[in-house]
Amino acid sequence: PAVIRVFDSNDQPVGDVSLESTWSSGTVLDNVKGRTADDGIALFELLPGRNYLSLRRKGCPKQDERIDVEPGGGIDGFKLVLTCAKR
């Protein structure tokens, strides 16, 4: 599992951000979608390796990020900063 935490540039959690993760090995494709809660957290079951995340928030352009999920049974945590202030 992966815990994705989304914050704004003032280090405040950002809720209601749509997240879409894509992982590909060339022959296998995994696509997972979710949304952050009011505390800025979203939980995902992601495949180990490089995952590409798209963050979308109403009034903001799409923001693409890359995260590397480690293999094994632990929980990976990622903190992402949304660069667009809500309009």
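Q: How many helices and strands does the protein chain have?
A: In this predicted model, the protein chain has seven strands and zero helices. Read along the sequence, the pattern is accordingly written β-β-β-β-β-β-β.

Q: Which strands form the open sheet, and in what order?
A: Four strands form that open sheet, and their order is 3-2-5-6, with antiparallel pairing. Strand 3, which covers 29-35, and strand 6, which covers 63-69, are the edge strands, and each of these pairs on one side only.

Q: And by how many degrees are neighbouring strands turned against each other?
A: On average the neighbouring strands of this sheet are turned by 20 degrees against each other, with direction ignored.

Q: Over how many bridges do strand 5 and strand 6 pair?
A: Strand 5, made of residues 49-56, pairs with strand 6 over seven bridges, and the sense is antiparallel.

Q: What stands opposite Tyr52 there?
A: Opposite Tyr52 stands Arg66, which belongs to strand 6.

Q: OK, what about strand 1, which strand is joined to it?
A: Strand 1, residues 2-7, is joined to strand 4 by four bridges, and the two run antiparallel. Within this pairing, Arg5 stands opposite Ile41, a residue of strand 4.

Q: Where do the side chains of strand 4 point?
A: Along strand 4, which spans residues 41-44, the side chains alternate between two faces.

Q: Switching topic, how many aromatic pairs does a search of the whole structure find?
A: A search of the whole structure finds zero aromatic pairs.

Q: Then what lies over the face of Phe7?
A: Lys79 lies over the face of Phe7, at 4.7 Å from the ring centre.

Q: What share of the residues count as buried?
A: Of the 87 residues of the protein chain, 34% count as buried.

Q: And what share of the contacts with a separation of 6 or more comes from residues 24 or more positions apart?
A: Residues 24 or more positions apart account for 51% of those contacts in the protein chain.

Technical notes. Residues are numbered from 1 along each chain as its sequence is written. This is a predicted model: local features need pLDDT of at least 70, side-chain atom pairs count only at pLDDT 80 or more; totals for chains, interfaces and linings use all residues. Side-chain values use heavy atoms; hydrogens and water are left out. Two strands pair if DSSP finds at least two bridges between them. Axes are lines fitted to C-alpha atoms, for helices over the stretch in contact, and angles run from 0 to 180 degrees between N-to-C directions. Rings of Phe, Tyr and Trp (its six-membered ring) pair if their centres lie within 6.5 Å; planes under 30 degrees apart count as stacked, over 60 as edge-to-face and the rest as tilted. A charge sits over a ring if NZ of Lys or CZ of Arg is within 6 Å of the ring centre and within 35 degrees of the ring normal. Buried means under 20% relative accessible area, exposed over 50%, partly exposed in between (1.4 Å probe, protein chains only). Contact means heavy atoms within 4.5 Å.
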